[in-house]
Amino acid sequence: MPGKLRRILLSAFFLGCGQIWANPVWISLFNNSQVQNVALTAYAGPVTAFGDGKLFTIAKGQAVNVVLNGEKLVAANTDSLIGVFEQLTIIADTGSIIRIRPVLPLTASRNYEATVSLSADIGRIRMINQLEERSYLAGVIEAETGTGRSEEFYKAVAVICRTYLYGHANRHESEGFHLCDETHCQSYRGKSRNDARIPAAVEATGDTVIVDNDSLPILAAYHANCGGETESAKNAWQIDMPYLVPVSDPYCSAFSNARWKKTISIDEWIQYLIKNGFKINPAVVTDFSFRPDRRTPNYKVNTFVLPFKQIRNDWNLRSAFFDVSLEDGKIQLDGHGYGHGVGLCQEGAMEMGKRGYKYEEIIRFYYRNVKLVPASKIQAQIPNL
Ligand SMILES: [Zn+2]
Ligand SMILES: [Zn+2]
């Protein structure tokens, strides 16, 4: 069936279901996985399936198995074959949930609302969840930050995730969806269901997004813990952004992620430095210690410099913000924070929320010179697919 006709038919069907389709977003599920075989269960209520013009119902608690066979999908229940389809669309009425469990490769199940369309991609089953923007954002917030946080923290994250959506909604347009469900875009693990404050935060922030001086959605970077000072985009990624600049953060120091340690033998450390171009001068006593009072791009020994970012990658360290000292004949790295350090510090933002700061204040503390505006007033919009 031509794509346009299929869309018209599906739209008519959705209207018939009484669903509200404001700002639907299309998210590719299990995007990094080559799913060959998947079980779909009607969880919490019956769901309707629509395959190449054939309609059928999956009763509450029943499952359908879908297996990739060349360019087709073979759908079957426990007793019999249902059909062979090019595309299969599963529609959950309000209150129903589509539980998806990839069987090959075996993956833990996830719950989705609204609509999931399955089709044969090259060597995999492509699954796209079409759902309302607000439901998607609630799912992202839960996947990215977990449950049990303060309301104002969730509101700040809602605005950040919405800003990402509007700033990147054309990222996968050529592949036929807006965003993937992996960290490449934003983690999305299905319906948010474990903390009512999450959907409430999405509602409470309306359609607010963060823009820069040119009224473009900002790159709203965030990380777990900055260790006391955030990193500039310039140092981390060699991109100068006026809103991603160092901020001294007094709020995140009590969290366990604020500090880390690693001990390395002197021999290993010297070998590592030599491998990166350091030359030992026997006439000079080398002092390997280096204690910057704030974030600085490079570790320095005599005239030798090595980017902290590179050391972080090479040794798989939690951050690129650490002191180097010599203790008991060993090299001791005393680290600060967890993550790249750019933009909003999640644990600092959680603490600000607990202390009564409003989400606008949290956002403006970590992103400088930005404006909070309604998404409807900006140029970047979610393209129709
Ligand atoms: Zn992506
Ligand atoms: Zn911090």
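This is a short tour of selections in a predicted model. Residues are numbered from 1 along each chain as its sequence is written, and chains are lettered from A and ligands numbered from 1 in the order in which they are written. Because the model is predicted, local features need pLDDT of at least 70 and side-chain atom pairs count only at pLDDT 80 or more, while totals for chains, interfaces and linings use all residues.

Select residues 133-145, helix α2, and 151-168, helix α3; helices (H or I, at least four residues) and strands (E, at least two) are DSSP runs, numbered from the N terminus. Their axes come within 9 Å and cross at roughly 115 degrees. Axes here are lines fitted to C-alpha atoms, for helices over the stretch in contact, with angles from 0 to 180 degrees between N-to-C directions. Show the contact residues (C-beta atoms, placed from the backbone, within 7 Å): among them are Leu137, Val140 and Ile141 in α2, and Val157, Ala158 and Cys161 in α3.

Asp52 has a positive phi of about 45 degrees although it is not a glycine. Asn369, in the loop between α9 (359-366) and β22 (371-374), also has a positive phi, about 55 degrees. Most residues other than glycine have a negative phi, and most peptide bonds are trans.

Then select Leu104 and Pro105, which are joined by a cis peptide bond with omega about -5 degrees. Pro105 is in the loop between β9 (97-104) and β10 (110-112).

End at Ser256, in the loop between α5 (233-237) and β16 (259-265).

Methods: Contact = placed C-beta atoms within 7 Å.
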